Amino acid sequence: MDAEATAAQRPEARTASVRPIAPLVALWLLLAGTYLVLSVSAPDQRLESVRQAAYLLPFWAAGISSVLIALKAAAHERRLLRALAAAIVLVATSETLVSARVVLGARIESGWPVAAEVLTVAAAVMMIAALARAADLRAYSTLARVRHGIDAVGVALSVVAVVLVLVVVPLSREGVFTCAQGVAAAAYSGLGALLLISVAANFGLDVASSPEPWFRRVLGGLWVYALATTLWPAWLYGTMVRPTSAWDAAIEVAWMSGMSLAFAGMLARLHEGVRPSAGVLPLPQRMPRSHVAVAAAIPLGLTASVVFSIAAGATSVPDGYRGPLFVLGGAIAAVVAVRQALAVLENRRLLTMLSTDPVTGLHAYRPFQDALQTELDIADRNGGTVALVMFDIDGFRGLNEECGHEAGDAALKAAGDAIACAVRSSDVVGRLGGDEFAVIMGGASLENAERFVVRALSEIRAVKGPSGAPLQATAGIALYPVHAGGRGELMRCAAGSLFWAKRHDRGGFAVYDPKVITALDAKDEIEQLEVETQVRAVRALAVAVDARDAATQFHSKNVALLATELGRELGLPHEHVRRLEIAALLHDVGKIGVSDRVLRKRGPLTAAEVMHVREHSVLGERIVRSSGFDDIAPWVRHHHERYDGTGYPDGLRGEGIPFEARLLAVCDAFDAMTSERPYRFAMSPSAALHEIDCCIGSQFDPEIAEAFIALMGRKTPM
């Protein structure tokens, strides 16, 4: 998971995985050729065992190799691989039962073994469930997961209807099977279509997030197998209607080919070695939900209409098939109705999420900005004024650290409720982020705003914080158009007055005064210049470290962006988030002391080289402390500690690790996993989130990891 530990066991996957391919292609040609020759030649019961052995070998090869991988796989991918292994073994067992009957002289058209049917359906369902779960992580909401599942079922039902109308009904006129057998055959095609959809979902749409080469072959093999299953009516045609057509042999060779390709992938994984460090299976990027939500209902609705029309009016449809067609049309129509209802609910949920702050229930930042612009436009038309009041909860960072983030969220909710109780009915209250609130007072004068602030601060002080002490806030006021001529300027003026009050009248408020704020800015500019000089030096040093390795040239910057977003997600104050950004930029600065030979090494690192790499966190602390950032030096030193105490350099455990170091650990791991390295492909964001989820409580702080997963889940399109 962490970059150095992974580097210590780097599999050379790109070269190792291609070595077994040539002999496997030769083996497949031999088996497929043998099976085809014996299938199209004159029947000879003496050679039937050879034909069936050639047919079964790819199934059992894929089954046995998948079992070996599943038994040795890492915990985070074991569930998927075990489910796939069990499904392939069930398929191989089912095919063996059928082949045994054929070798013993029974004819397939005389009846399919019931046990084989049950095993095949169970295997398909297991495979569909495993692949669907792998491609469906917490980036989806519950409603979206249900909707996408219903879409897949709708497509499968449509395939059943098409097969029933275009294939089964015409074949039924040959008298080769009953209505029930025909419907079952069409349903088998629908099961294959579901499997096709599940496999396709794991390929994804983004080339950068494509799976590892060995797993891509496994998925490709399952896709070929699913396609052949979808085309199963062609097998029926070749077996029962036109045995001389060889369509049944073509479908059977496709099944063999799918399993051969899956075996090639499994063998490549076994060849490179199954190690827990090999990484989680990459998963796909999401399709934009708006496209799917609008487009999917159209073909499904048309299919339902066509099926109803054929069932009601087509004279060529036997009476026995009209009932199943009506049922299929009704089921597809129900799918359309349910999925559209879910789409409406999902859109309403998303709209609520976008417009409402999840902690306080107040306006979120963007809707608040829109409301402010609306009030300013009204003021321009009517010649009125708009007062903007900003609040900041005093000592919120300490409250968060002392009592935890759940208590901090409760305090934010209580403070927001207190402010909302003090406003007029026409005022707009929002949370700007962290512990900052703002109120828009359309048509208010400075006197109105001051009276409101006094009332609001009193309401906030009446709220008991988690520690039992009353909450306290500071406020700043700015008036449009007296102090500012636009929305951005008004926000800056209100923020400036709040900042001045925090410095000079904590627990009180200040009205924007250009003379006072200008004087303050002149003083602060000197302090800010010193800080910015330090930050520029920090950024230059971070760039220099990242530039040593082309694969990690943007790593520090990416981790800084993630850390600032996560800090805001956790409600940290603005200044705290800024210090986190600096720490993130410098978290790997100690690698300046790691030799280029070790840093860029493609093969596995020796134990001595691993120890050499791990020294970078201690060296980084010394560099950061010497640069004047004493407060963030411990964060840099401990960002490779693990929550269970097995990290380095000091083996700290749980809450003993600085909070900021625990936060940096999550962001660092996510960017490392989603970035391509010379020794492995990049994971998709969903796969990296899945890995973080699997390591909650062992490597990562549960609260921080859950917040990060929720944050990135909202950013990933469905």
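Proline 649 is found in the loop between helix H26 (633–637) and helix H27 (659–673); here helices (H or I, at least four residues) and strands (E, at least two) are DSSP runs, numbered from the N terminus. A cis peptide bond, with omega about 10°, links this proline to tyrosine 648. Another cis bond joins tyrosine 480 and proline 481, with omega about 5°, and proline 481 sits in the loop between S4 and H19.

The model is predicted, and local features need pLDDT of at least 70, side-chain atom pairs count only at pLDDT 80 or more, and totals for chains, interfaces and linings use all residues. Residues are numbered from 1 along each chain as its sequence is written, and side-chain values use heavy atoms, with hydrogens and water left out.

The average pLDDT (the predictor's confidence in each residue, from 0 to 100) is 78, and 78% of the residues score at least 70. Helix H1 (residues 3–7) has the lowest confidence, with a mean of 38, while strand S3 (residues 436–442) has the highest, at 93. Residues 205–210 have a pLDDT below 50, and beyond near neighbours in sequence this stretch has 10 contacts in the model, a contact meaning heavy atoms within 4.5 Å. Residues 519–523 also fall below 50, with 4 contacts beyond near neighbours in sequence. Where pLDDT is low, the predicted coordinates should not be read in detail.

The sheet comes next. It is open, has 5 strands in the order S2-S3-S1-S4-S5, and shows mixed pairing; two strands pair if DSSP finds at least two bridges between them. S2 and strand S5 (509–511) form the edges, each pairing on one side only. On average, neighbouring strands are turned by 20° against each other, direction ignored.

S1 pairs with S3 in the antiparallel sense over 7 bridges. Alanine 387 has methionine 441 of S3 as its bridge partner, and phenylalanine 391 stands opposite phenylalanine 437 in S3. With S4, S1 pairs antiparallel over 8 bridges, and there methionine 390 is partnered by glycine 476.

S3 is mostly covered as well, with 5 of its 7 residues buried. Strand S2 (residues 428–433) runs antiparallel to S3 and is joined to it by 5 bridges; arginine 431 has phenylalanine 437 as its bridge partner in S3. The hairpin of S2 and S3 has 2 residues between the strands, and glycine 434 takes a positive phi near 60° in this hairpin.

Helix H19 lies across S1, S2, strand S4 (473–480) and S5, running at about 145° to S4; axes are lines fitted to C-alpha atoms, for helices over the stretch in contact, and angles run from 0 to 180 degrees between N-to-C directions. H19 (residues 487–504) contains serine 497, which is buried, with a relative accessible area of 0%. The side chain of serine 497 reaches the backbone oxygen of alanine 494 at 2.7 Å.

Finally, helix H24 (residues 607–614) has the buried residues Glu609, Val610 and Val613. They lie on the same side of H24 because they cover an arc of only 105° around the axis, the arc being that of the directions from the helix axis to the C-beta atoms. The face of H24 turned away from the buried side carries the exposed residues Ala607, Ala608 and Met611.

How values were computed. Buried means under 20% relative accessible area, exposed over 50%, partly exposed in between (1.4 Å probe, protein chains only). A polar contact is a pair of N or O atoms within 3.5 Å; within protein, one must be able to donate a hydrogen and the other to accept it, and residues adjacent in sequence count only if both atoms are side-chain atoms.
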